[in-house]
Amino acid sequence: MQLKNFIIILGIIEMLISGLCIFIGSRKAERKFTKYHLLSVIFGAISSLSIMVFLNLPVSSEIDVKCLASGIFLAPVLMDIFLLSYILYSYKVFRYISVGLAIVFFGFISFILLFDTADFYNGFTLSTEGNSFNITPTPVYLSYAIFFILSTALMALGIILRAKKVKSLQTKHGLTMLSIAGILLRFLFLIFAVIAPITHFELIFLAPITLTLMIILDYYAVLRYQIIKLSSGALKLLSYVIIAANAGVIYMLIFYAIITFLFKIRGLSTEIYILTFIMVTILLLILPIMSELLQFVRSLILKDQIYLGSILKKLNKMSGRTDADELAEFLASNLHFDYIGIVVGNKVHGAKSEKFSKAEIKVINDLKEPERGVWQQIDSGTKLVLDEHKIKAVAAMFDAKGKVFGQILVGAPRGKENFEQRDLAQLEVIVNIISAMIDSRS
């Protein structure tokens with residue numbers, strides 16, 4: 001298997017996955033038109049598969065080439081018919097006229113390819129130097145090229161009309177980007193799928209690659225700019241698989257260029273290409289796990305740093321099912337303090353056994369509210385009580401009405417002598433989250 005075949009197969013898989021993601025992930029009301037997108041993707045995949053199969057036919061092949069010709073030349077027409085239905089769905093009259101004319105043209109080209117191919121191609125060639133259809137640039141073939149030019153213009157017009165209609169600036173930017181990049185890719189597709197094959201049929205293998213880029217671009221625009229509201233949770237995993245696969249393809253192209261042009265090595269086995277792709281894809285898929293593991297290792301080694309993002313993520317998972325003692329223990333361990341205590345009412349919930357008398361708890365409860373922020377001012381009398389328990393700072397916890405309902409006691413930081421301003425700022429964010437978590441349970 002050549003590298004280009006491997007990339008085409010991967011592109012077909014990505015096309016189908018992205019098409020399914022958009023259809024399954026869209027809301028019920030939007031599936032009325034996203035079904036046309038899925039059908040368009042399916043016929044695009046059929047076209048790509050037909051091109052790959054034909055280019056790889058052996059000289060002695062007995063496969064019905066006429067069927068492959070239908071896949072190569074007719075499937076893109078059906079792809080555009082459904083794509084027009086998808087893009088122009090909101091403009092009924094415009095859509096009915098455009099799609100109706102496209103269907104008439106499809107019937108005309110189908111008749112030519114099934115009964116009288118001489119006006120389209122004059123036979124085909126199967127050879128070790130490369131397989132090709134002998135395309136004849138007649139008025140019929142010219143009309144075939146004009147069809148794709150007109151359908152491209154209609155799609156661009158439909159996207160522009162929709163961009164003017166939407167109120168969201170983000171969606172408007174997304175549609176603008178999609179129309180500009182999409183038109184450029186469409187013209188590349190037109191060159192490789194329709195124009196170049198007249199004299200250099202071997203270049204048609206670039207048409208499936210360009211088509212894959214178009215569909216991936218569409219999927220990116222849907223995700224990035226929320227053109228369609230995707231709601232299914234499974235799409236997160238599938239979307240990451242698509243991104244990882246694209247990155248894998250880019251890596252494979254770089255790998256091929258280095259091997260071929262720098263080291264002058266040609267004819268690598270299929271197994272090497274597949275193994276290389278599998279390894280790099282696995283690496284990309286486990287990157288989130290590696291990132292989590294790296295943060296965990298850093299938190300174990302670097303006791304003088306707080307990894308706020310990781311802690312907030314864990315707190316979000318703990319929300320609603322953890323009591324104050326577990327929260328205190330978690331904070332002391334992950335924030336790298338000798339002690340964290342959570343004072344609610346007349347009880348101190350601590351990460352370790354630390355006994356406070358009722359009088360000491362009352363002294364802590366009687367601290368004045370902070371004028372701004374969460375850190376309370378500690379007078380000399382209270383400082384004696386706190387020093388006895390090696391507590392360095394006290395933060396007030398506010399309820400939803402803005403009243404203090406408890407405190408968080410912070411012990412000495414590990415790995416450094418005193419608090420830094422950055423530590424206090426990060427702790428303030430965490431204190432506010434802990435306050436909301438505890439207040440919501442009361």
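This note comments on strand pairing, backbone geometry and surface patches in a predicted model.

1. Strand 6 as a pairing partner. Strand 6 spans residues 404–411 and is mostly covered, with 6 of its 8 residues buried. Strand 3 pairs with strand 6 in the antiparallel sense over 5 bridges. Strand 5 also pairs with strand 6 in the antiparallel sense, here over 7 bridges. Within these pairings, Ile-408 of strand 6 is the bridge partner of Ile-342, and Leu-409 of strand 6 is the bridge partner of Val-394.

2. Side-chain direction. In a regular strand, side chains alternate between the two faces of the sheet.

3. Strand 3 (residues 340–344) runs antiparallel to strand 4 (residues 347–350), and 4 bridges join them. Ile-342 stands opposite His-349 in strand 4, and Ile-342 also has Ile-408 in strand 6 as a bridge partner. The two strands of the hairpin have 2 residues between them, and Gly-345 in the turn has a positive phi of about 65 degrees.

4. The hairpin of strands 5 and 6. Here 5 residues lie between the strands, and Gly-402 in the turn adopts a positive phi of about 85 degrees.

5. Backbone at Lys-390. Most residues other than glycine have a negative phi. Lys-390 is not a glycine, yet its phi is positive, at about 55 degrees. Lys-390 is placed in the loop between helix 14 (380–388) and strand 5 (391–398). Is Lys-390 buried or exposed? Its relative accessible area is 64%, so Lys-390 counts as exposed, the cut-off for that class being over 50%.

6. Nonpolar surface patch. Ile-274, Leu-275, Ile-278, Met-279, Ile-282, Leu-283 and Ile-286 form a nonpolar patch on the surface, and together they have about 600 Å² of accessible area. Leu-275, one of these residues, is found in helix 9 (residues 270–285). With a relative accessible area of 52%, Leu-275 is exposed.

7. Negative surface patch. Which residues form the negative surface patch? They are Asp-323, Asp-325, Glu-326 and Glu-329. Asp-323 lies in the loop between helix 11 (308–318) and helix 12 (324–335).

Definitions and conventions. Residues numbered from 1 in each chain as written. Predicted model: local features only at pLDDT ≥ 70, side-chain atom pairs only at ≥ 80, totals over all residues. Heavy atoms only, no water. Pairing = 2+ DSSP bridges. Patch = residues over 30% accessible without salt bridge, like charges linked within 9 Å, V, L, I, M, F, W, Y side chains within 5 Å. Areas by Shrake-Rupley, 256 points an atom, 1.4 Å probe, with all protein chains shown as cover. Salt bridge = Lys/Arg side-chain N within 4 Å of Asp/Glu carboxyl O. Lys, Arg positive; Asp, Glu negative; His and termini not counted. Charge placed at Lys NZ, Arg CZ, Asp CG, Glu CD. Buried < 20%, exposed > 50% of the residue type's maximum accessible area, 1.4 Å probe, protein only.
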